[in-house]
Amino acid sequence: MLNIENTNLFKTLEKISYRHSSYSTCFSDFLDIVINYFLTLPNAELIKSYQVQYKDDFKYFELMFKELLKLHQENCDNNFNKETNAGWCDILGKLYETISSKYKQSAMGQYFTPETMCTFIAMIISPSGPGKYISEPCSGSGRMILAANSVCLGNFYSCVDLDPICTKMTAFNMMIHGLKGQANCGNALWITNNWNFGYEINSTLYTYGYPSIRLIITDQS
């Protein structure tokens, strides 16, 4: 089992956070940078602002991104389903939980459903056959829908979370696992005025063959 504290990903985030602001801020900035790599319309001004803010330390975010991809490749089959030939892992969620517990970050106070439990629940309630519209009103890091996708491929996922950091984790996890859908930041329990921002995930994957994230400017959930 992966111990995230022993990885270069965690150690590098510690180094950046020690020098700049809080862990929650640096983690959120890292997610912005990672998502920007896959945006259909990258935000060059955002990256420039982070380069100015972090100066020479900005290079550590690039090292973290490489380590994130490496860990994903090494651990993606941790939760492997032989019937669908699909596996999944949640590196960002593990990193988030470790930071929350280790440093008692008030801005990062959530704990997610254990991965084994997510797989168990998915095996019980996931739909039979592809092409379904599946709603996740409290997505966290997205691991519940990652588990659902490993059990039944080819569905469209509409994910919502009130926490911007969770929305960003969900967006990246959906993208890198090849899921199609949306990740929106808002309150799923409110009928109106509940939307902050969102992402459309992998709209280009099955047409052009490459993963992508598109920023949603207005509420299209």
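Met117 is partly exposed, with a relative accessible area of 41%; to count as buried, a residue would have to be under 20%. Met117 belongs to helix α6, which covers residues 115-125. Keep in mind as you look around that this is a predicted model.

**Met117 and Leu179**
- Along the chain, Met117 and Leu179 are 62 residues apart, and 20 Å separates their C-alpha atoms.

**Helix α1**
- Helix α1 runs over residues 8-19, so count along and you will find 12 residues.
- From its first C-alpha to its last, α1 reaches 17 Å, close to the expected 16 Å.
- Which residues of α1 are buried? They are Leu9, Phe10, Thr12, Leu13, Ile16 and Ser17.
- Looking down the axis of α1, you would see these buried residues within an arc of 165°, so they line one face of the helix.
- Just after α1 comes Ser21, which has a positive phi of about 50°.

**The largest nonpolar core**
- The largest nonpolar core is made of 58 residues.
- Leu9, Phe27, Phe30 and Met169 have the most contacts inside this core.
- Helix α2, residues 23-38, gives the most to the core, with 9 residues.
- Nonpolar side chains tend to be buried together in soluble globular proteins.

**A closer look at Phe30**
- Leaving aside residues up to four places away in sequence, Phe30 touches Leu9, Phe61, Met64, Phe65, Leu68 and Leu92.

Terms used:
Residues are numbered from 1 along each chain as its sequence is written. This is a predicted model: local features need pLDDT of at least 70, side-chain atom pairs count only at pLDDT 80 or more; totals for chains, interfaces and linings use all residues. Side-chain values use heavy atoms; hydrogens and water are left out. Helices (H or I, at least four residues) and strands (E, at least two) are DSSP runs, numbered from the N terminus. The expected span of a helix is 1.5 Å times one less than its number of residues. Buried means under 20% relative accessible area, exposed over 50%, partly exposed in between (1.4 Å probe, protein chains only). The arc is that of the directions from the helix axis to the C-beta atoms. A nonpolar core is a set of buried Ala, Val, Leu, Ile, Met, Phe, Trp, Tyr and Cys residues joined through side-chain atoms within 4.5 Å. Contact means heavy atoms within 4.5 Å.
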